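Here is a short report on one protein chain. Look at the model first, then read on.

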Amino acid sequence: MVAAIENARAAAGLSQRALADRTGMSQATLNRILAGERVAKMTEIILIADATGCTVAQLTGSAVADRVQCAARATDGASMSSMRQRLLHFMELDAYLDDHAIPSAR
């Protein structure tokens with residue numbers, strides 16, 4: 001996962017400091033994660049995914065994105081890739097909550 005986070009940071013054109021600023025994490029924490037000295041928490045992975053424009057699955061290697069098929073039409077000019085990205089974000093979050101036996105709010 002460290003390599004995936006580092007690749008996402010580089011692809012987004014962000015320095016470690018810029019990524020730390022965008023996520024609200026300290027640069028020291030981010031540096032320890034990227035050095036493999038500390039495992040990223042799921043909340044941190046979600047922040048990093050959001051800041052780099054990736055999905056959680058792209059960072060964690062989960063198979064949710066491979067299982068999701070969708071069809072939609074944008075009526076407000078939104079791009080299909082951004083809509084798919086947001087859908088995957090929520091699907092990955094749902095899978096994470098299921099994996100940790102956290103019930104969804106009704």
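A residue is called buried at under 20% relative accessible area, exposed at over 50%, and partly exposed in between, with a 1.4 Å probe and protein chains only. The model is predicted, so local features need pLDDT of at least 70, side-chain atom pairs count only at pLDDT 80 or more, and totals for chains, interfaces and linings use all residues. Residues are numbered from 1 along each chain as its sequence is written, and side-chain values use heavy atoms, with hydrogens and water left out.

## Overall build

The protein chain has seven helices and zero strands. Helices here are DSSP runs (H or I, at least four residues), strands are E runs of at least two, and both are numbered from the N terminus. Along the sequence the pattern reads α-α-α-α-α-α-α. The C-alpha atoms fill a box of roughly 40 × 35 × 25 Å, taken along the principal axes. The chain has 106 residues, and 31% of them count as buried.

Contact means heavy atoms within 4.5 Å. Among contacts with a separation of 6 or more, 48% join residues 24 or more positions apart.

## Helices α2 and α3

How do these two helices meet? Two packed helices are described by the angle between their axes and the distance between the axes. Helix α2 covers residues 16–23 and helix α3 covers residues 27–34. Their axes come within 9 Å and cross at roughly 115 degrees. Axes are lines fitted to C-alpha atoms, for helices over the stretch in contact, and angles run from 0 to 180 degrees between N-to-C directions. The crossing of α2 and α3 is right-handed. A crossing gets that name if the near helix is turned clockwise from the far one by less than a right angle, and is left-handed if anticlockwise.

From α2, the contact uses Gln 16, Arg 17, Leu 19 and Ala 20. From α3, it uses Gln 27, Leu 30, Asn 31 and Leu 34. These residues divide into four nonpolar, three polar and one charged. Nonpolar covers Ala, Val, Leu, Ile, Met, Phe, Trp, Tyr, Cys and Pro; charged covers Asp, Glu, Lys and Arg; the others, Gly among them, are polar.

Which residues of α2 are buried? They are Leu 19, Ala 20 and Thr 23. Seen down the axis of α2, they fall within an arc of 100 degrees, so they line one face of the helix. The arc is that of the directions from the helix axis to the C-beta atoms. The buried residues of α2 pack against α1, α3 and α4. On the other side of α2, Arg 17, Asp 21 and Arg 22 are exposed. Just after α2 comes Gly 24, with a positive phi of about 80 degrees.

In α3, the residues Thr 29, Leu 30, Ile 33 and Leu 34 are buried. They cover an arc of only 130 degrees around the axis, which puts them on the same side of α3. Their cover includes α1, α2 and α4. Gly 36 follows α3, and its phi is positive, near 80 degrees.

## Salt bridges

How many salt bridges does the structure hold? There are three. A salt bridge is a side-chain nitrogen of Lys or Arg within 4 Å of a carboxyl oxygen of Asp or Glu.

| Pair | N to O distance |
|---|---|
| Glu 6 and Arg 9 | 2.3 Å |
| Arg 38 and Glu 44 | 2.9 Å |
| Asp 50 and Arg 86 | 3.1 Å |

Glu 6 and Arg 9 are three residues apart in helix α1 (residues 2–11), about one helical turn. Glu 6 is partly exposed at 25% relative accessibility. Arg 9 is buried at 15%.

Arg 38 is partly exposed at 23% relative accessibility, while Glu 44 is buried at 11%. Both residues of this pair are in contact with Thr 29, leaving aside neighbours of Thr 29 within four places in sequence. Thr 29 lies in helix α3 and is buried at 14% relative accessibility.

The salt bridge of Asp 50 and Arg 86 links two helices. Asp 50 lies in helix α4 (residues 42–52) and Arg 86 in helix α7 (residues 80–99), so the pair ties together parts 36 residues apart in sequence. Arg 86 is partly exposed, with a relative accessible area of 40%.

## Further along α7

Asp 98 is also found in helix α7. Asp 98 is exposed, at 52% relative accessible area. Asp 98 and Met 1 are 97 residues apart in sequence and 21 Å apart in space, C-alpha to C-alpha.
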